[in-house]
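Here are my notes on the model you sent over. Have the viewer open while you go through them.

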Amino acid sequence: MARTTAVPRTLKMLRDEDYIADVVEQYNAFSGQRKDLYGCFDILAIDDVVTLGVQVCGADFSSHIRKLTEERKDALKAWLGNPLRMALLVGWRKVLKKRGGKQMVYRPRVTHFTVDDFGVIGMQEFKNGESIKEILYRDTERGAQTWQR
C-alpha cells in the first residue's frame, strides 16, 4: 500500500470542509528543491468568503512555527494584512486510535496565525475535532454573518 503524505491528507481535510484547495508548492527538478508560495504556503484554499494559506508539515511542528514567525515574518504579515486572508499550519502525527489499543492513525494539529495592529503575530491552536470553518468564523462579525447562511 502506498504511503499517503501530509499534503494529500491536508487537501482531503480542506475539501471535506467545502474549500476549493490546490497545491501551490513548486518542485525544481534541476536543483532538487521545493519552493513554497511566498516562502510560506504549500496549499491555497478558498471558499466564498476567505482565502487560506496553508503550510503543511509532519511531526516537526515547532521548526515550521519558527520558519513562519521568524524567517518568513514579513511575508506572513503581508499575507495577514488583508482581513479576508488567513494562515494555517497543519502538522500530521501518528496517535493511538483508541487508548490502550495498538492501531495508529494520523491526526492533524492545526494552528491559526493572526496579526494585531502592532504587527505582533499570534497563534491559536485548534482542539481535536473542531472544524476549520467553525474556528475561523466563530469570533468575527463577518464570520458570524457568513456562518448563519
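The points below go from the overall fold and confidence down to single residues.

1. **Ground rules.** This is a predicted model, in which local features need pLDDT of at least 70 and side-chain atom pairs count only at pLDDT 80 or more, while totals for chains, interfaces and linings use all residues. Numbering starts from 1 along each chain as its sequence is written, and side-chain values use heavy atoms, with hydrogens and water left out.

2. **Confidence.** The average pLDDT (the predictor's confidence in each residue, from 0 to 100) is 80 for the chain, and 81% of the residues score at least 70. A contact here means heavy atoms within 4.5 Å.

3. **Overall layout.** The chain has 5 helices and 8 strands, in the order α-β-β-β-β-β-α-α-β-β-β-α-α along the sequence. Helices (H or I, at least four residues) and strands (E, at least two) are DSSP runs, numbered from the N terminus. Of contacts between residues at least 6 apart in sequence, 51% join residues at least 24 apart.

4. **Burial and surface.** Of the 149 residues, 38% count as buried. The cut-offs are under 20% relative accessible area for buried, over 50% for exposed, and partly exposed in between (1.4 Å probe, protein chains only). The accessible surface comes to about 9600 Å², and carbon and sulfur atoms account for 50% of that. These areas come from the Shrake-Rupley method with a 1.4 Å probe, and for residues only the protein chains shown count as cover.

5. **Around S4.** Strand S1 (residues 20-23) runs antiparallel to S4, joined by 4 bridges, and Val23 has Ile43 as its bridge partner in S4. S4 also pairs with S5 in the antiparallel sense over 4 bridges, with Ala45 partnered by Leu52 in S5. To count as paired, two strands need at least two bridges found by DSSP. S4 and S5 make a hairpin with 4 residues between them.

6. **Two faces of S4.** Which residues sit on the covered face of S4, and which on the uncovered one? Ile43 and Ala45 are on the covered face, whereas Leu44 and Ile46 are on the uncovered one. In a regular strand the side chains alternate between the two faces of the sheet.

7. **Gln55.** Gln55 belongs to strand S5 (residues 51-57) and is buried, with a relative accessible area of 3%. Leaving out residues up to four places away in sequence, Gln55 touches Asp36, Cys40, Phe41, Asp42, His64, Lys67, Leu68, Leu88, Leu89 and Val90.

8. **Salt bridges.** The count is 3, taking a salt bridge as a side-chain nitrogen of Lys or Arg within 4 Å of a carboxyl oxygen of Asp or Glu. Side chains of opposite charge can pair when their charged atoms come close.

9. **Asp36 and Lys67.** The closest N and O atoms of this salt bridge are 2.7 Å apart. Asp36 is in the loop between strand S3 (33-35) and strand S4 (43-46) and Lys67 is in helix H2 (residues 61-71), so the pair ties together parts 31 residues apart in sequence. Asp36 is buried, at 10% relative accessible area.

10. **The other two pairs.** Lys12 and Asp16 form a salt bridge with closest N and O atoms 2.8 Å apart. They are 4 residues apart in helix H1 (residues 6-16), about one helical turn. Lys12 is exposed at 52% relative accessibility, and Asp16 is exposed at 52%. Glu25 and Arg34 come in at 3.9 Å between their closest N and O atoms. Glu25 is partly exposed at 22%, whereas Arg34 is exposed at 56%.

11. **H2.** The buried residues of H2 are Phe61, His64, Ile65, Lys67 and Leu68. Viewed down the axis of H2, they fall within an arc of 155°, so they line one face of the helix; the arc is that of the directions from the helix axis to the C-beta atoms. The face turned away from the buried side of H2 carries exposed Ser62, Glu70 and Glu71.

12. **H1 and what follows.** Ala6, Val7, Arg9, Thr10, Leu11, Met13 and Leu14 are buried in H1. After H1 comes Asp18, with a positive phi near 70°.
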